[in-house]
Amino acid sequence: MKLNIKKYVSYNLKELFKKGHLAVGVLGAIGPALIMSYFILTETTPFYIKHVSNFYCMLGMFAAVLHPLYFVNRDYSSKTISLINNSKQNRKNYVLANVVIALFVSLLYVALGICLLLVTKQLGVPGELKVSFLLGFFVNVFLLVLTYFLFGYILLLYGVRSGAVYAILTAMLLFLPNILANILGNIHNEFLSGLIENFPGYFYPVMVGSNPLSLLQYFIGCFTLIVLFVLVLNKSKKIEI
């Protein structure tokens, strides 16, 4: 029986809504951003609109990565995947279907984030909202979510336990960027600085809600995304039934 990508995506997106996972993720993203907006509007802190977007991305990107990864982990941990991986075509379709889910989730978080920024800007939060910034925000979120999702996916395919995968992703999204930023501030070697600044594990979490990336960083990001996708696809095709 051939796996229908459209039906799989539709069923799981509905489950994401019905079980409240999406609501929790969205609240986790919007909550800190609204609190920051409140402090800015009451002149408690001299921050700007980009601080709102940064607070939105702080937990929002983590949630956006975990949403699609939840389905992969669910299917592998419950052994449901054995019913799907009965042919190479189904294995390919399964990967594509979950990538589509990650794509939809990333677009949803982009739309919510842009709406939040437009509303807070209208309420009086200072700072410019240029088209270039919003376009960069769109592309950054899209690339970050898909990249980290595929990275988590490949870890699950290689048998890393789900708890360890979530811990690794937590560290990479919430803690590693700060460690690298501290290292970057204390070194004076241009080569090492360039390596850190152009490492996806640094520039994605740091820049996603702040500024568009450089052309080199976008190239590295796209290349990394393609490599991860190929790795996931090839590893999935080789899984023994």
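Predicted model: local features only at pLDDT ≥ 70, side-chain atom pairs only at ≥ 80, totals over all residues.
**Salt bridges**

The model contains four salt bridges.

| Pair | N to O distance |
|---|---|
| K19 and E15 | 3.2 Å |
| R74 and E15 | 3.0 Å |
| E128 and K130 | 3.7 Å |

The pairing of R74 with E15 joins helix 3 to helix 1 (residues 5-18), so it ties together parts that stand 59 residues apart in sequence. Both partners, R74 and E15, are buried; for E15 the relative accessible area is 10%, and a residue counts as buried under 20%. E15 also bonds to K19 through a salt bridge, and a network of salt bridges links E15, K19, R74 and D75.

The setting of the pair formed by E128 and K130 can be described from the accessibility of each residue. E128 is exposed, at 56% relative accessibility, while K130 is partly exposed, with a relative accessible area of 48%.

**Aromatic and charge-ring contacts**

Seven aromatic pairs are counted in the model. One of them is formed by Y76 and Y94, whose ring centres lie 6.4 Å apart with 65 degrees between the planes, an edge-to-face arrangement. Y76 belongs to helix 3 (residues 49-77) and Y94 to helix 5 (residues 88-123), so this pair ties together parts that are 18 residues apart in sequence. Y94 is buried, at 1% relative accessibility. Ring pairs also bring in Y8, so that Y8, Y76 and Y94 make up a cluster.

A contact of another kind involves Y158: the charged end of K235 sits over the ring of Y158, 4.5 Å from the ring centre.

Helix 6 is followed by G159, which has a positive phi near 85 degrees.

Helix 9 (residues 200-207) is likewise largely enclosed by the rest of the structure, because six of its eight residues are buried. The buried residues of helix 9 are P200, G201, Y202, F203, Y204 and P205. Their cover includes helix 6 (131-157), helix 7 (162-186), helix 8 (190-197) and helix 10 (215-237).

Methods. Residues numbered from 1 in each chain as written. Heavy atoms only, no water. Phe/Tyr/Trp six-rings, centres within 6.5 Å; stacked < 30°, edge-to-face > 60°. Helix = DSSP H or I, 4+ residues; strand = E, 2+ residues; numbered from the N terminus. Buried < 20%, exposed > 50% of the residue type's maximum accessible area, 1.4 Å probe, protein only. Lys NZ or Arg CZ within 6 Å of the ring centre and 35° of its normal. Contact = heavy atoms within 4.5 Å. Salt bridge = Lys/Arg side-chain N within 4 Å of Asp/Glu carboxyl O.
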